[in-house]
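The following note sets out numbered points for a colleague who is reviewing the model. Please read each point beside the coordinates.

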Amino acid sequence: PDVGRIAEHVMPECAPAVITRHAERFAVEPPVIWLGWGARHAAGPIRQLVERLGARVMCSPRAKGIFPEDHSRFLGVTGLGGHTRVDELLAAERPTHTLVLGTRMGESTSFWDPALTPSQGFIHVDVDPAAFGVSYPAIATEAIVCEVGAYVRALVDELGSRPAVTIVDDAEPLPGLAPRDGGGVRPQQLLAGLQRVIVDGSDAWLMAESGNAFCWSTHLLRYREPGRYRVSTQFGSMGHATTGVVGAALARSGKAFALVGDGAMMMLNELHAAVQYRAEAVWVILNDACYLMCAQGMRVMGWEPFHCELPRVDFVALARAIGADGERVEREADIDAALARALAARGPWVLDVTIDPREAPP
């Protein structure tokens, strides 16, 4: 059966005795909380729980923003494009238990890394019984079939009479680079601009395509609220964001941005559909004339890259030929102003960014 659809109507809840037992355990020793996409509707109660316990939090790539990424209790993102800081902090202070909320901890979320496991076991909350024990079958798991929000709210209520832990604001500042004039745009600089203009300066949604776009955005962007960032982690199919951004823009009747590679953009896009429906979709294209993740992966393997280079495309000319518009960005100093124009533009827009291919993604 489709457990997810059933859960929308049944809303399975946790036995009060289990909530009491967990509250007593966590009050003595807070768990590390591992958030997944399934926790996206429980952002408020999760923050209450974290600050009540003083717990540490990490999340999957799809779960960015469910807990504020600039919060001092946030360790980082796990998996593809994630943060090595998570591994380092867990190695220094390994948790006894990890409370897993709404993630299967699959390949792109964990790479099944034993460094992410607790010393005694997982307490795993999910509406889908098939999620339990899939990724770490050798680690003891207490399976809780329950809607994540219902579980967390019950736990917060149970802890209600206990004093909250004092939170020390020790969040790390965002890394920064000085703009340079030439050599192509470094992805780090483009992402810094996206953070300033789009993430912090608007309510627009942002989708990241498979490949280096996924890694750069997952690693560098920081969200303070859920529902504004989207990546595909199941199959990672190219074309997920180059096409999906049109539907996202139409669904919210407002701006949706897609960070995409030039290879994905040429493989599959819906520019013409965006023109037809006047979707407020913006494609920010990492134009490096290459399937760059493939080429970089081959070099890591000690090979000389083959069949990775692409004829460079003028995406602004392509957009205009179809009925959309856009502009090219070749200098790092021009990033913020170009993004602001893309944000203000009406209808579909292409931002064709000439990327320095020498920068290795996280």
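1. Disulfides. Taking a disulfide as a pair of cysteine sulfur atoms within 2.5 Å, a search of the whole structure finds zero. C215 is in no disulfide, and the nearest cysteine sulfur, that of C294, is 12 Å away. C215 counts as buried because its relative accessibility is 2%, whereas C294 counts as partly exposed at 45%. Here buried means under 20% relative accessible area, exposed means over 50%, and partly exposed lies in between, with a 1.4 Å probe and protein chains only as cover.

2. Basis of the note. This is a predicted model, in which local features need pLDDT of at least 70 and side-chain atom pairs count only at pLDDT 80 or more, while totals for chains, interfaces and linings use all residues. Residues are numbered from 1 along each chain as its sequence is written, and side-chain values use heavy atoms, with hydrogens and water left out.

3. Salt bridge between E142 and R21. A salt bridge is defined as a side-chain nitrogen of Lys or Arg within 4 Å of a carboxyl oxygen of Asp or Glu, and by this rule the count comes to 23. E142 forms one of these with R21, the closest N and O atoms being 3.0 Å apart. The pair links distant parts of the chain, with E142 in strand 6 (residues 141-145) and R21 in helix 2 (residues 16-28), 121 residues apart. Helices (H or I, at least four residues) and strands (E, at least two) are DSSP runs, numbered from the N terminus. E142 is partly exposed at 22% relative accessibility, and R21 is partly exposed at 37%.

4. Salt bridge between E280 and R346. In this pair the closest N and O atoms are 3.0 Å apart. E280 is buried, with a relative accessible area of 16%, whereas R346 is exposed at 56%.

5. Salt bridge between D352 and R328. The side chains of D352 and R328 meet at 3.9 Å, N to O. D352 belongs to strand 12 and R328 to strand 11 (residues 325-329), so this pair ties together parts that are 24 residues apart in sequence. D352 is buried, its relative accessible area being 0%, while R328 is partly exposed at 36%. Elsewhere, salt bridges that share partners join R180, R186, E332, D356 and R358 into one network.

6. Helix 12. Which residues of helix 12 (residues 292-300) are buried? They are L292, A295, Q296 and M298. Seen down the axis of helix 12, the buried residues fall within an arc of 155°, so they line one face of the helix; the arc is that of the directions from the helix axis to the C-beta atoms. An α-helix has 3.6 residues a turn, so residues three or four places apart point the same way. The cover of these buried residues includes helix 8 (212-220). Just after helix 12, G302 takes a positive phi of about 85°.

7. Positive phi at F111 and W112. Phi of F111 is near 50°, a positive value in a residue other than glycine. W112 likewise has a positive phi, of about 55°, although it is not a glycine. F111 lies in the loop between helix 5 (107-110) and strand 5, and W112 is placed in the loop between helix 5 and strand 5. F111 is partly exposed, with a relative accessible area of 46%, and W112 counts as partly exposed at 45%.

8. G182 is found in the loop between helix 6 (148-158) and helix 7 (187-199), and is partly exposed at 32% relative accessibility. The C-alpha atoms of G182 and A333, 151 residues apart along the chain, are separated by 9.8 Å. A138, in the loop between strand 5 (121-126) and strand 6, is exposed, with a relative accessible area of 77%. The C-alpha atoms of A138 and W283 are separated by 43 Å, the two residues being 145 residues apart along the chain.

Conventions: Contact means heavy atoms within 4.5 Å.
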